[in-house]
Amino acid sequence: MNNGWEDRERAEMDDHTMSDKETTTWRRVTCQERDVAFAAWNGAWGVGSSLTDFDGQYGDPQMFTEWWDKATERPVLRDRRYPGRPGQPDPRPCEHYLAERTTP
Ligand SMILES: [Zn+2]
């Protein structure tokens, strides 16, 4: 017999290791909820990654920012804004997402 089952078990263990046994889901929140959460973290967040595309190269012009918890280096918040042209209102409402983690 071959050891195919062992191989599969090993692969699943690798998956768990990579995801740190946690699943991150992004919950959309209002601007208010976002501001409350942001204030509560009180500077413990830093910018993990950001993308600015004012020229609209990838669709509508947008500013994307992902905030990370500085202590754990994990993403906690995503902001996406669609800035209007100077003097114009934003063409689309901003979006905010808070990370929620579940452990199996
Ligand atoms: Zn907003």
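Residues are numbered from 1 along each chain as its sequence is written. Because the model is predicted, local features need pLDDT of at least 70 and side-chain atom pairs count only at pLDDT 80 or more, whereas totals for chains, interfaces and linings use all residues.

The chain has two helices and five strands, where helices (H or I, at least four residues) and strands (E, at least two) are DSSP runs numbered from the N terminus. Read along the sequence, these elements follow the pattern α-β-α-β-β-β-β. Of the 104 residues in the chain, 5% are buried; a residue is called buried if 20 or more other C-beta atoms lie within 10 Å of its own, exposed if 12 or fewer, and partly exposed in between, with C-beta atoms placed from the backbone. Among contacts between residues at least 6 apart in sequence, 43% join residues at least 24 apart, two residues being in contact if their C-beta atoms, placed from the backbone, lie within 7 Å.

The five strands form an open sheet in the order 1-5-4-3-2, with antiparallel pairing. Strand 1 (23–29) and strand 2 stand at the edges with a single partner strand each, so one side of each is left without a neighbour in the sheet. Neighbouring strands of this sheet are turned by 20° against each other on average, direction ignored; for such angles, axes are lines fitted to C-alpha atoms, for helices over the stretch in contact, and angles run from 0 to 180 degrees between N-to-C directions. In general, strands of a sheet pair through backbone hydrogen bonds, either parallel or antiparallel, and here two strands are taken to pair if DSSP finds at least two bridges between them.

Strand 2 (residues 45–53) and strand 3 (residues 62–69) run antiparallel and are joined by eight bridges, with Trp 68 of strand 3 as the bridge partner of Gly 46. Strand 3 also pairs with strand 4 (residues 74–82) in the antiparallel sense, over seven bridges; here Met 63 stands opposite Arg 81, and Glu 66 has Arg 78 as its bridge partner. Four residues lie between the strands of this hairpin, in which Glu 73 takes a positive phi near 55°. Strand 4 is in turn joined by five bridges to strand 5 (residues 92–102), again running antiparallel, and His 96 in strand 5 is the bridge partner of Asp 79.

Helix 2 lies across strand 1, strand 2, strand 4 and strand 5, and runs at about 55° to strand 5. This helix is hardly covered, since the count of buried residues among its eleven residues is zero. Asn 42, which follows helix 2, has a positive phi near 50°.

Within helix 2 (residues 31–41) is Arg 34, which is partly exposed because 19 other C-beta atoms lie within 10 Å. Leaving aside neighbours within four places in sequence, Arg 34 is in contact with Val 29, Leu 77 and His 96. The C-alpha atoms of Arg 34 and His 96 are separated by 6.5 Å, although the two residues are 62 residues apart along the chain.
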